[in-house]
Amino acid sequence: MSDNNNSGWGSRVGLILAMAGNAVGLGNFLRFPVQAVQNGGGAFIIPYLICFLIMGIPLLWIEWASGRYGGNLGNHSTPFIFDSMNKRKIWKYIGVFGIFTNIGVAAYYCYIESWTLSYVYHSVAQTFNGLSDVETSKFFENYTTVGSSSTGIPYESVVFYIVCLLLNTWILSKGLGGVEKVAKIGVPLLLIFGALLAVKSLTLGTSGATPANPDANAWDGINFLWTPQFSSLLDMKVWLAAAGQIFFTLSLGMGTIHCYASYIKKRDDIALNSLSAGFTNEFVEVVLGSLIVVPIAAGYLGLDWVINNAGFGMAFQTMPYLFQNWGQALATFAGVCWFGLLFFAGITSSLAMGTPWMGFMNDEFGWNRKKGAWSFGLIVLIMGLPTVFFFNEGVFDQYDYWAGTVSLVVFALCEIILFAWIFGMTKGWDEINKGSDIKLPKIYKPIIKYVTPVILIIVFIGALITPKDNDWNAAFKNGWELDDGSIVSKLTNRDIKVNKDYFSDHKEFDQNDGIVSTITKVDSTKTINLEIMDTLKFYRNKFGQVKQAKNEKILRSLGKDYMFFDSVSVSKTYTFKNTDKIVVQVGDVLHLGDKIAEGKFTNNSFYVVLGRVLLLALFVFISILVWKAGKNKLKHP
Amino acid sequence: MNTSALITLLITHGLVTFFMVYFFRKVLKAPKHAEPDSFSENDDEPPVLITGEEEI
């Protein structure tokens, strides 16, 4: 194992920017506003800030302190950082999460990052110029359908993914110096791009209103996000969403902070550095993140559109269309700013994901940084290609759920137990304060020992047995029915209700109810479209416009004079090959599980298992490496 | 924009911005720790790589 006397950070500002860059990711601009909208706007911000203070900051200190402690004993990845804190074998295998999560997340995260890179190109090439809202949205769907191409490059999405991965790998091969340089350029650029878009959004007002969207007003979006609703403090769902967002935004429970901090010497500060990096991330999320997507979308499409359509797709399916309202030159500039800032937010995070693997392989097997970086790139490529090829089949979602969500909570819960209860709070508090340039409030000592672990346990149980529709009040009153998104439902495949066989000779109807409305043969694509109608909720606004109410509860909370009503409308369109046989007719009433077509089908249940098997194989592979490294340590202590 | 939203926005944005600037300023103004510290850019001499070693 090599001594890392020569490795480390160039400057303190570089370290903070790299840590902030690690935390600032796509979620700051995409996940935060969506979470805020879906949890009632201003209802979200108070629980969010409280969770930052009593869960985010304590976990930041723990991860920085654990990392520095392990690093000074020659360990730069969580398996042996944890091992240095307690010699029970279980801890180094729990530490495997700190490498596993990074590779699992990098595999699909680099794919999203590659979209931003591609969209920068398309913004410059003015691909979106003249496209309608539907066409812009369709562009994204085509892009993620492997095989289609908008540039003439075959397998365009795969090519951009590989380019993005190569770029990450090349920078990683330059070591921490390379990561630091990217952070020093990327974070300030990201702040400038974000500030430019935020200023534009703040000056938009009602200028984007059109006859199609007469009530569009950017201030409605800001109003909705910031009107406090104190009743939300009693809603478990909002608290869990707020705690979850703090996790993702600060990159907690991943092992990247440990790795970065492991290159800090024991007399150097971590308390102030972590607060500085943490608040930089919060600035990007709370100030810039809240002032871009939601206000701009509300400024052109109306607040009710935002409430109905808030989601990850807004960044790629809606924003390029909205920028077209600013004229060709400004649209190009705005596209470069928006996708450029997302790219820098993404790459500073994905680079961090490579360092735990590199640190581990260097410490335990003597691999140099080039070998470490290129092996990381290769593993991510192997793990990532299924998410690219089977994006629409759900492999991406499996990675996001198990590696990018559940693993973080499990890992953070374990690390706080190790730090506060096994390593010991007295020793732990001394470790946090060692070399500190700031005096920390002692109230955080009991918070770290008692409050944060309790919150993490609640978050974990909340994810484990999430009640139906995330409605905790109803579950406590009327009995517990598990939501399809709960860990228990996922583990037991309760969320897969039909088309359970991996391969089948027929397709089953996967909605509760519906009526076959049309069956259309499309000769150009050699497909058959089957349209299903169902009773859906709609509303009529004061301008007489009728729109679908996808999020009725929040729309009602706006207190506007919307008139809600039910109406039958197309709820889903199935597309089959023209060699498949449709076994239903127009007018047939369908129920969940009814047979609708015959042919040869590979169901999504197969891709669900594929995703899980790949992740499990990765975890086992890293565990074997840790076991082998442990043996080596015994032979050559 | 309603008053309560404006107050919440201004307080939250103000607090987050204040603390970010406050902590970053404190970092910049903090006295340098005695060498060897964790940062190579303030070293008197450039680091010397020992043969066969590479920094991460």
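How many bridges join strand 1 of chain A to strand 8 of chain A, and in which sense do the two run? Five bridges join strand 1 (residues 503-508) to strand 8 (residues 595-602) of chain A, and the two strands run antiparallel. Helices (H or I, at least four residues) and strands (E, at least two) are DSSP runs numbered from the N terminus, and two strands pair if DSSP finds at least two bridges between them.

This is a predicted model, in which local features need pLDDT of at least 70 and side-chain atom pairs count only at pLDDT 80 or more, while totals for chains, interfaces and linings use all residues. Residues are numbered from 1 along each chain as its sequence is written, while chains are lettered from A and ligands numbered from 1 in the order in which they are written. The model scores ipTM 0.89 and pTM 0.92.

**The sheet with strand 8**

Strand 8 of chain A is also joined by two bridges to strand 6 (residues 581-582) of chain A, and these two again run antiparallel. Together the three strands make an open sheet of chain A with the order 1-8-6 and antiparallel pairing. Its edge strands are strand 1 and strand 6 of chain A, each of which pairs on one side only. Within this sheet, A:Glu508 stands opposite A:Lys595 of strand 8, A:His506 stands opposite A:Glu598 of strand 8, and A:Ile582 has A:Ala597 of strand 8 as its bridge partner. As a general point, strands of a sheet pair through backbone hydrogen bonds, either parallel or antiparallel.

**The pairings of strand 3**

| Strands of chain A | Sense | Bridges |
|---|---|---|
| strand 3 and strand 4 (residues 546-548) | antiparallel | three |
| strand 3 and strand 5 (residues 563-577) | antiparallel | 14 |

A:Val522 stands opposite A:Thr527 in strand 3 of chain A, A:Phe538 stands opposite A:Gln548 in strand 4 of chain A, and A:Thr535 has A:Val568 in strand 5 of chain A as its bridge partner. The hairpin of strand 2 and strand 3 of chain A has four residues between the strands, and A:Lys526 there takes a positive phi near 55°. In the hairpin of strand 3 and strand 4 of chain A, five residues lie between the strands, and A:Gly544 in the turn has a positive phi of about 85°.

Helix 20 (residues 395-433) of chain A has 39 residues, for which a straight helix would span 57 Å, but its end C-alpha atoms are only 43 Å apart. Helix 20 of chain A bends by about 115° at A:Gly424, and just after this helix A:Gly435 takes a positive phi of about 70°.

Helix 19 (residues 369-389) of chain A, with 21 residues, should span 30 Å, and its end C-alpha atoms are 30 Å apart, which agrees. A residue is buried if 20 or more other C-beta atoms lie within 10 Å of its own, exposed if 12 or fewer, and partly exposed in between, with C-beta atoms placed from the backbone. Among the buried residues of helix 19 of chain A are A:Phe376, A:Val380 and A:Met383. What covers the buried residues of this helix includes helix 7, helix 18 and helix 20 of chain A.

**A buried phenylalanine**

A:Phe82 lies in helix 5 (residues 78-85) of chain A. Why does A:Phe82 count as buried? A:Phe82 is buried because 30 other C-beta atoms lie within 10 Å. Two residues are in contact if their C-beta atoms, placed from the backbone, lie within 7 Å. Leaving aside neighbours within four places in sequence, A:Phe82 is in contact with residues including A:Trp91, A:Ile94 and A:Leu418.

**Chain B**

Chain B has one helix and zero strands, and 18% of its 56 residues count as buried. The contact takes 30 residues from chain B and 45 residues from chain A. Chain B averages a pLDDT (the predictor's confidence in each residue, from 0 to 100) of 81, and 77% of its residues score at least 70.

Definitions and conventions
Expected span 1.5 Å × (residues − 1). Bend = angle between axes of the 7 residues up to and from the residue.
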